[in-house]
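Subject: Structure handover and notes

Hello,

Below is the structure you asked for, followed by notes on what was found in it. Please read them with the structure open.

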Amino acid sequence: MTTILALDIAGNPFRWLTPERAAYYQAANKVAWEIGEKVLVLRGGMNRLTGERSVIEIAPVIALAKSEGMAQWAQVALPLGHRNDLLFARDRHICAYCGERIERGQATRDHIMPRARGGRDVWENVVTAHRSCNERKGCRTPGEAGYELVYVPYAPCRSETFLLSGRNILFDQMVYLASRLPSHSRARN
Ligand SMILES: [Zn+2]
């Protein structure tokens, strides 16, 4: 299903919208500005006088009016939580310890500084690792285990988490989100 990328008035991405929800904003004149070729043509009810159906076209990226209050909130990176799918996507499904690509179902979340030793469950302390590499490392730091990190973990900015969310992203949406990535983001290449 096509989804519409909603921005706050400052251009920060904050939500994917269903076509119906986006059409509601459009019809209510709540779209402040938009980007990209119109992608959706929704047909509403039949006009009894003219016999014509109403049509709403929607751009793939829309900024919502009166959303100033969203800006500050929308710049905060999403917490890691239980979302291994985002973590694995951030790390391109590459094991941080052996550098090999990981087969589906073999990826684990490894805490660089183990949790048992005070390591926190945050983006900057976790990497994607093979189950076997993770177990071999055990309750040691990479240095103690003789491992070198193949890449550096980081907290994805909100634009990157939108890119990584695995949806069927439209070209204009991808270009918009990619233009907002910081230089350290692996999603840039
Ligand atoms: Zn590995």
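Two residues count as in contact here if their C-beta atoms, placed from the backbone, lie within 7 Å. On that basis, 63% of the contacts in the protein chain between residues at least 6 apart in sequence join residues at least 24 apart. Please keep in mind that this is a predicted model.

Overall layout

The protein chain has 6 helices and 8 strands. Read from the N terminus, the order of elements is β-β-α-β-β-β-β-α-α-β-β-α-α-α. The radius of gyration is 21 Å, well over the 16 Å that the globule rule gives for 189 residues, so the protein chain is more spread out than a compact globule. Along the principal axes, the C-alpha atoms fill a box of roughly 75 × 35 × 25 Å. Of the 189 residues in the protein chain, 24% are buried.

The protein chain is divided into two domains: domain 1 takes in 4-76 + 166-178, and domain 2 covers 84-137. Between the C-alpha centres of domain 1 and domain 2 there are 36 Å.

The sheet and its helices

An open sheet is formed by 4 strands, in the order S2-S1-S6-S3, with mixed pairing. Which strands stand at its edges? They are strand S2 (13-17) and strand S3 (31-35); each has a single partner strand, so one side of each is left without a neighbour in the sheet. From one strand to the next, the twist averages 30°.

S3 and strand S6 (residues 61-64) run antiparallel and are joined by 4 bridges. Val31 has Leu64 in S6 as its bridge partner.

Two helices pack on this sheet. Helix H1 (residues 19-27) touches strand S1 (4-7), S2, S3 and S6, and its direction makes about 50° with that of S6. Helix H6 (residues 171-178) also touches S1, S2, S3 and S6, with its direction at about 60° to that of S6.

In soluble globular proteins, nonpolar side chains tend to be buried together. The largest nonpolar core here has 16 residues, of which Ile4, Leu5, Ala6, Leu7, Ile58, Val61 and Ile62 touch the most other members. S1, S6, H5 and H6 each supply at least two residues of this core. The largest share, 4 residues, comes from S1.

Leaving out residues up to four places away in sequence, Ile62 touches Ile4, Ala6, Leu7, Ala22, Tyr25, Val31 and Glu34. There is also a second, separate core of 11 residues, which includes Ala96, Ile102, Ala107 and Ala129.

Two residues with positive phi

Most residues other than glycine have a negative phi. Asn29 is not a glycine, yet has a positive phi of about 60°. Asn29 lies in the loop between H1 and S3. Is Asn29 buried or exposed? A residue is exposed if 12 or fewer other C-beta atoms lie within 10 Å of its own; Asn29 has 8, so Asn29 is exposed.

His93 likewise has a positive phi of about 60° without being a glycine. The loop that holds His93 runs between helix H3 (84-90) and strand S7 (107-111). His93 counts as partly exposed because it has 15 C-beta neighbours inside 10 Å, and a residue is buried only if there are 20 or more.

Other positions

Gly138 sits in the loop between helix H4 (131-137) and helix H5 (158-164). With 10 other C-beta atoms within 10 Å, Gly138 is exposed. Gly138 and Gly81 are 57 residues apart along the chain, and their C-alpha atoms are separated by 22 Å.

Ser54 belongs to strand S5 (residues 53-58). Ser54 has 12 other C-beta atoms within 10 Å and is therefore exposed. From the C-alpha atom of Ser54 to that of Leu149, 95 residues away along the chain, the separation is 57 Å.

Regards

Definitions and conventions. Residues are numbered from 1 along each chain as its sequence is written. This is a predicted model: local features need pLDDT of at least 70, side-chain atom pairs count only at pLDDT 80 or more; totals for chains, interfaces and linings use all residues. The radius of gyration is taken over C-alpha atoms; the globule rule is 2.2 Å times the number of residues to the power 0.38. Domain bounds come from an automatic or database domain assignment. Two strands pair if DSSP finds at least two bridges between them. Axes are lines fitted to C-alpha atoms, for helices over the stretch in contact, and angles run from 0 to 180 degrees between N-to-C directions. A nonpolar core is a set of buried Ala, Val, Leu, Ile, Met, Phe, Trp, Tyr and Cys residues joined through C-beta atoms within 7 Å.
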